[in-house]
There are 2 protein chains.
Amino acid sequence: MFQFSITARSNRARTGVFTTPHGELLTPVFAPVGTQATVKTLTPEHLKEIDATLVLSNTYHLYLRPGDELVRDLGGLHRFMQWPRPMLTDSGGFQVFSLAQTRKIDDDGVTFKSHIDGSTHRFTPEKSIAIQENLGADIIMAFDECSDPNDHAYTRIAMERTHRWAERSLQAKRRPDQALFGIVQGGVQPDLRAESAAFIASLDTPGIAIGGLSVGETKEEMHNMLDVVTPLLPEQRPRYLMGVGTPEDLINGVWRGIDIFDCVLPTRLARHHSAFAPEGRLNLMNATFARDERPIDASCDCYTCRTFTRAYIRHLIVAKELLAGTLISIHNLRALIRLMEEIRTSIADGSFEARVPALLAQWHGNAERKSTAEIQDTEM
Amino acid sequence: MFQFSITARSNRARTGVFTTPHGELLTPVFAPVGTQATVKTLTPEHLKEIDATLVLSNTYHLYLRPGDELVRDLGGLHRFMQWPRPMLTDSGGFQVFSLAQTRKIDDDGVTFKSHIDGSTHRFTPEKSIAIQENLGADIIMAFDECSDPNDHAYTRIAMERTHRWAERSLQAKRRPDQALFGIVQGGVQPDLRAESAAFIASLDTPGIAIGGLSVGETKEEMHNMLDVVTPLLPEQRPRYLMGVGTPEDLINGVWRGIDIFDCVLPTRLARHHSAFAPEGRLNLMNATFARDERPIDASCDCYTCRTFTRAYIRHLIVAKELLAGTLISIHNLRALIRLMEEIRTSIADGSFEARVPALLAQWHGNAERKSTAEIQDTEM
C-alpha cells in the first residue's frame with residue numbers, strides 16, 4: 001500500500017502512480033475540495049463524470065460538524081459521503097489559524113473557539129491524528145502551525161513547533177491503511193524552508209506536503225520556495241502543495257516537481273459566476289452573455305459545456321437559480337482536471353518542458369488568485 | 001398531433017396516452033415545476049433519471065426574465081433549458097394575481113408591476129399567447145383570471161371574463177404544434193363551476209384545465225368542485241388540475257378523473273428539508289436523524305435513496321450545504337412520479353378503485369398542503 005512509482009520525468013516534473021486503499025492516483029493530480037464532506041453543489045456522480053480521483057475534506061470542519069466520531073460510526077468519510085475513490089484530509093491546523101474565532105497556541109497544541117458556536121476546543125497532534133483516523137481518509141496530514149509569512153521571527157518558532165508536532169503525529173498514528181504526510185513550513189525564508197524540507201524528509205512518511213504557501217505571499221516568493229524545497233525532497237515520495245491553486249500555479253508547481261494539489265478556487269469561483277474559459281476567466285453574470293449561444297468552452301468535454309449555452313447559465317445566475325453554481329462548478333473542476341490530464345500526457349511523451357510557456361500563456365487570463373468577490377467568501 | 005387515447009378506465013379514473021411534438025405522455029402524470037426554466041437545483045439529467053416526462057414552466061417569470069423573445073431566439077424553451085420531453089406553460093394569469101406588486105384588471109387585460117423591479121407591464125389574452133408561442137411549450141394555457149374563492153359575487157365576473165379571454169386566446173393562437181387548453185374557473189360555487197365547465201368544454205381545444213383550486217379553499221370544497229366539473233367534461237380530452245398538489249390530492253384527483261397535475265410542493269418541501277417518507281413527512285433537520293443510517297425511503301428507487309443515509313442528508317442541512325436540497329428534491333419528485341406509475345398500473349389492472357383507501361392511508365402522513373416554512377417561500 002502507498003507505493004509511489006514514477007512513470008515518466010521531464011526535468012523536475014514527473015508522472016507517477018500512488019497506490020491507496022481506494023485505488024490508484026495518477027499524478028500530477030488536482031483534488032476538488034469537499035470541505036464539509038461534499039464538494040459544494042455537486043453529487044458524487046458529477047465528480048465521477050469529470051474523472052475526479054482524489055477529493056479533499058477538512059478535519060476542522062468535520063470535527064465540529066457532524067463530529068468525527070459520528071462519521072466513524074457511520075462507516076467513515078468514504079461511506080458517509082459516498083465517495084469511493086481516494087480521499088485526503090488536512091490536519092485542521094490551517095483552519096484553526098484562519099477560521100477559529102480566537103486561538104491560543106502553546107507547545108502542546110492549540111485551544112480555539114469554534115467559528116460556528118463559539119464553543120472551546122483543543123487540538124494537539126495526537127487529537128488531530130485521532131480525528132483523522134476516525135474520518136478514515138487515505139492520505140492524512142501531520143498537525144502543523146501555519147504562521148504569517150511576513151513575520152520572519154515567528155516563522156522559525158512555528159516551523160520548529162511544526163517539526164515536533166510532525167514527530168508526535170507520526171507516533172500517534174495507528175491505522176496502517178492511512179498515509180501520513182509531514183508538512184514542510186518555513187514561510188518565505190529560504191533557509192527555514194531548506195531546514196524544514198530536510199527535517200520533514202527525514203521522517204519515515206510515504207509522502208510530503210508543503211504548507212504555508214498561497215497564503216498572501218507573491219507568486220515569485222511561492223516559486224522561490226518551491227525551488228528551494230523540492231530539490232531537497234526524496235524523489236520517491238509524492239509531494240503535495242497544499243491549497244494551491246490557480247491553473248498557472250498548477251503548471252508552475254508541476255514544473256517544480258509537485259505531484260498533488262487541491263484548491264477551493266474552481267468551486268468558489270463558480271459560486272461567484274466565474275468560469276475558466278479559453279479567452280480568460282468569464283463573469284457569466286455579465287450582460288454580454290445574455291444571447292451567447294456558445295458553451296463556456298467549446299473545447300471542453302464536461303456535461304455543462306456539452307449541454308448548455310452561456311446565455312442559459314447567465315439566465316440562471318440573474319434569476320438566482322442555484323443550478324448555475326452546479327453547472328459552473330462542473331466545468332471549472334473539469335477544466336483543471338483536464339489540464340492535469342494534458343500535463344500528464346505531455347510529461348509522458350516528453351513535450352511538457354517545451355509546452356510550459358504555451359500552457360502558461362493559454363491560462364494567463366485565468367490566472368488571478370483572488371477577486372473582490374472571492375475574498376468575501378470563506379468556504380464555510 | 002395531440003391525440004389523446006384512453007387506454008384503461010376504473011370508474012371515473014382513466015389512463016391515457018397524450019401525443020405531443022416531444023413525445024407521448026402517459027397519464028395520469030405529475031409535472032415537476034421549473035418556474036424559471038429550471039426545476040430548482042436539478043439538472044435535466046436528474047429529471048430524466050427519475051422518469052419525469054412533463055415539465056411546467058411559468059410564463060409570467062420567463063416573460064420578465066430572461067424575456068420570451070430571447071428564449072425564442074435561442075431556439076425555444078426546450079432547447080434553452082435542454083429538456084427534450086414535453087413541456088407545459090401556464091398563461092401568466094395566476095402569477096399576475098398572486099405575485100405582481102400591483103395590478104389593474106379591465107375587460108381587455110391586466111396591467112401590473114413586476115415583482116422584480118416594479119416596472120409596468122400589460123398582459124392580454126393575445127399577449128399571453130404570443131409569449132407562450134415564443135416559449136414554445138407543447139401545452140399552453142388560455143389567459144384567465146383566478147379570483148378569491150371566498151368573494152362569491154366577484155367570482156362570476158372573473159369567470160365570465162375568463163370565458164371571453166379563452167375565446168380570444170384560441171383566436172390569437174397561430175402555432176399548430178402547441179395544444180391550447182381552456183381553463184375552467186368558478187371558485188367554490190357549484191353552479192358557476194358547472195357553467196364554466198360547459199362553456200370551456202364547448203371550445204375546440206385538445207384539452208381542458210381546471211384552475212382556481214388549491215388556492216385556500218378546503219379539501220372538501222376542492223373535491224366537491226371536481227365532482228361537479230369532471231362529469232361535465234368530454235371524456236376524450238385530457239383534464240389538467242392546475243397547481244395541485246399533495247400526494248393525497250393526486251390520488252383524489254385521479255379518482256375524480258384528472259389526468260395531469262403539477263405542483264411546486266415536492267421541490268419546495270425539499271428546500272425546507274422536508275421529505276416524503278413511508279412514516280409520513282420527515283423534517284430531516286431533526287436531531288433524530290443525526291445517526292440514522294437508513295435512506296429516506298427504503299422502498300424508493302431514486303438516486304438519493306439508493307445512495308445516501310438520512311444522517312448524511314441531515315449533516316448537509318445542518319452544515320447549510322445546498323446539495324441537501326438537490327438530494328431531497330430528487331427523492332420527493334421521484335416519490336410522486338412513482339405514485340403516478342403505481343396509480344397507472346392499478347388503473348390498468350383494475351385494482352385502482354379498491355386500492356384508493358389504502359393509498360390514501362399510506363400517504364396520509366404526507367398530506368398537509370402547507371407548513372409555516374412553505375408559506376414563507378414564494379417560488380420566485
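**Close-up views of cavities and salt bridges**

**View 1. The salt bridge between B:Asp259 and B:Arg14.** B:Asp259 counts as buried, at 0% relative accessibility (buried means under 20% relative accessible area, exposed over 50%, and partly exposed in between, with a 1.4 Å probe and protein chains only). In this predicted model, local features need pLDDT of at least 70 and side-chain atom pairs count only at pLDDT 80 or more, whereas totals for chains, interfaces and linings use all residues. Side-chain values use heavy atoms, with hydrogens and water left out, residues are numbered from 1 along each chain as its sequence is written, and chains are lettered from A and ligands numbered from 1 in the order in which they are written.

**View 2. The salt bridge between B:Asp227 and B:Arg256.** The closest N and O atoms of this pair are 2.9 Å apart. The pair links distant parts of the chain, with B:Asp227 in helix α9 (residues 219–229) of chain B and B:Arg256 in the loop between α10 and β14, 29 residues apart (helices, H or I of at least four residues, and strands, E of at least two, are DSSP runs numbered from the N terminus). B:Asp227 is partly exposed at 29% relative accessibility, whereas B:Arg256 is buried at 9%.

**View 3. The salt bridge between A:Glu342 and A:Arg355.** The side chains meet at 2.7 Å, N to O. Because A:Glu342 lies in helix α14 (residues 323–348) and A:Arg355 in helix α15 (residues 352–363) of chain A, the pair ties together parts that are 13 residues apart in sequence. A:Glu342 is partly exposed at 28% relative accessible area, and A:Arg355 is partly exposed at 29%.

**View 4. The second largest cavity.** About 40 Å³ of space lies in this cavity (on a 1 Å grid over the protein atoms alone, a cavity is a set of points where a 1.4 Å probe fits but cannot get out, and lining residues have an atom within 4 Å of a point; grid points are joined across faces, edges and corners, and a volume is the space filled by probe spheres set on the points). Its lining consists of A:Thr41, A:Leu322, A:Thr326, B:Thr41, B:Leu322 and B:Thr326.

Conventions
On a 1 Å grid over the protein atoms alone, a cavity is a set of points where a 1.4 Å probe fits but cannot get out, and a pocket is an open set with protein on both sides within 12 Å along at least five of seven lines; lining residues have an atom within 4 Å of a point. A salt bridge is a side-chain nitrogen of Lys or Arg within 4 Å of a carboxyl oxygen of Asp or Glu.
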